[in-house]
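This briefing concerns the structure shown below.

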Amino acid sequence: MRIDIITVLPEMLEGFVNESILARAQKKGLAEIHLHNLRDYTNDKWRRVDDYPYGGFAGMVMQCEPIDRAISALKAERDYDEVIYTSPDGERFDQHVANELSMKGNIIILCGHYKGIDQRVRDNLITREISIGDYVLTGGELAAAVMADAIVRIVPGVIGDEQSALSDCFQDDMLSAPIYTRPADYKGWKVPEVLLSGHEAKIKAWEMEQAMERTRRLRPDLLKD
Ligand code: ADE
């Protein structure tokens, strides 16, 4: 899959794209992440991408033209399945959305800034608006990074053990059971007996019961459906 991120702060994402799980996926040839500086698509000699809002409202608004030019340049090269805009008033990003997006071919993520983007971009160019939570960030870069990480890590083959992505918490709308490693007894803090028993069915049942208990206690909202 390919993710093109349009941003006014490409430097902020460079380290992340070239390290982390995204670097691993790219080395394996399973994903490509490309950063595009929105300022490269402006004709303005100051490379401005924002202007005052009509109506005298507070704040600055990202203009149509640079965004249209950036998205059009990408679309001229290949087809895109989604053009996503990161915004606190978008649909909530969760594991289901990550799963769905990981199955797409090419996506564009446009990082919002200032007060937001001109509504005409949202109406005509954006196919999906996504929020990573009910709080307002300074810009969409962290949201784009969160989404790219969650999407790319579940592309088959990116993390070594397929099973480990499938058993992530939230994959079944449940939190995960607790996990332990050696030693079995550390300062008297003991690993639950059942995990040392080698009895597969009993271990599975314990895992389910623990996951359910944790979910009920910490995230009962997940069990509503
Ligand atoms: N931009 C600012 N806040 C955001 C949020 N919560 N999610 C996505 N993009 C954002």
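**Backbone, ligand shell and sheet**

Lys187 is exposed, because its C-beta atom has 6 others within 10 Å and the limit for exposed is 12 or fewer. The model is predicted. Lys187 belongs to the loop between β8 and β9 (189-190).

- Most residues other than glycine have a negative phi, and most peptide bonds are trans.
- Lys187, although not a glycine, has a positive phi of about 50 degrees.
- Tyr114 is likewise not a glycine and has a positive phi of about 50 degrees.
- Tyr114 sits in the loop between β6 and α5 (119-124), and it counts as partly exposed because it has 16 C-beta neighbours inside 10 Å.
- A cis peptide bond leads from Arg182 to Pro183, with omega near 5 degrees.
- Pro183 is located in the loop between α7 (162-166) and β8 (185-186).

**Ligand surroundings**

- The ligand is surrounded by residues including Thr86, Ser87, Pro88, Gly112, Ser131, Ile132, Gly133 and Tyr135.
- Val136, Leu137, Gly140 and Ala143 also belong to the residues around the ligand.
- This shell comprises 6 nonpolar and 6 polar residues, and no charged ones.
- Strand β5 (residues 82-92) makes the largest contribution to the shell, with 3 residues.
- The unreviewed UniProt entry assigns the feature "binding site" to Gly112, Ile132, Gly133, Asp134, Tyr135, Val136 and Leu137.
- Ile132 is placed in the loop between β7 (128-131) and α6 (141-152), and Tyr135 lies in the loop between β7 and α6.
- Ile132 is buried because 21 other C-beta atoms lie within 10 Å, whereas Tyr135 is exposed because it has 7 C-beta neighbours inside 10 Å.
- Apart from neighbours within four places in sequence, Ile132 contacts Phe93, Ala143, Val146 and Met147.

**Sheet and packing**

- Five strands form an open sheet in the order β2-β1-β6-β5-β7, with parallel pairing.
- Strands β2 (32-37) and β7 are at the edges and have a single partner strand each, so one side of each lacks a neighbour in the sheet.
- On average, neighbouring strands of this sheet are turned by 30 degrees against each other, direction ignored.
- Strands β1 (residues 2-7) and β2 run parallel and are joined by 6 bridges; Ile5 has Leu35 in β2 as its bridge partner.
- Helix α3 (residues 64-77) lies across β1, β2, β5 and β6 (106-111), and it runs at about 165 degrees to β6.

Conventions: Residues numbered from 1 in each chain as written. Predicted model: local features only at pLDDT ≥ 70, side-chain atom pairs only at ≥ 80, totals over all residues. Near = placed C-beta within 6 Å. Helix = DSSP H or I, 4+ residues; strand = E, 2+ residues; numbered from the N terminus. Nonpolar A, V, L, I, M, F, W, Y, C, P; charged D, E, K, R; others polar. UniProt positions renumbered as here; feature names shortened; annotations may be inferred. Buried ≥ 20, exposed ≤ 12 C-beta atoms within 10 Å, placed from the backbone. Contact = placed C-beta atoms within 7 Å. Pairing = 2+ DSSP bridges. Axes fitted to C-alpha atoms, helices over the stretch in contact; angles between N-to-C directions.
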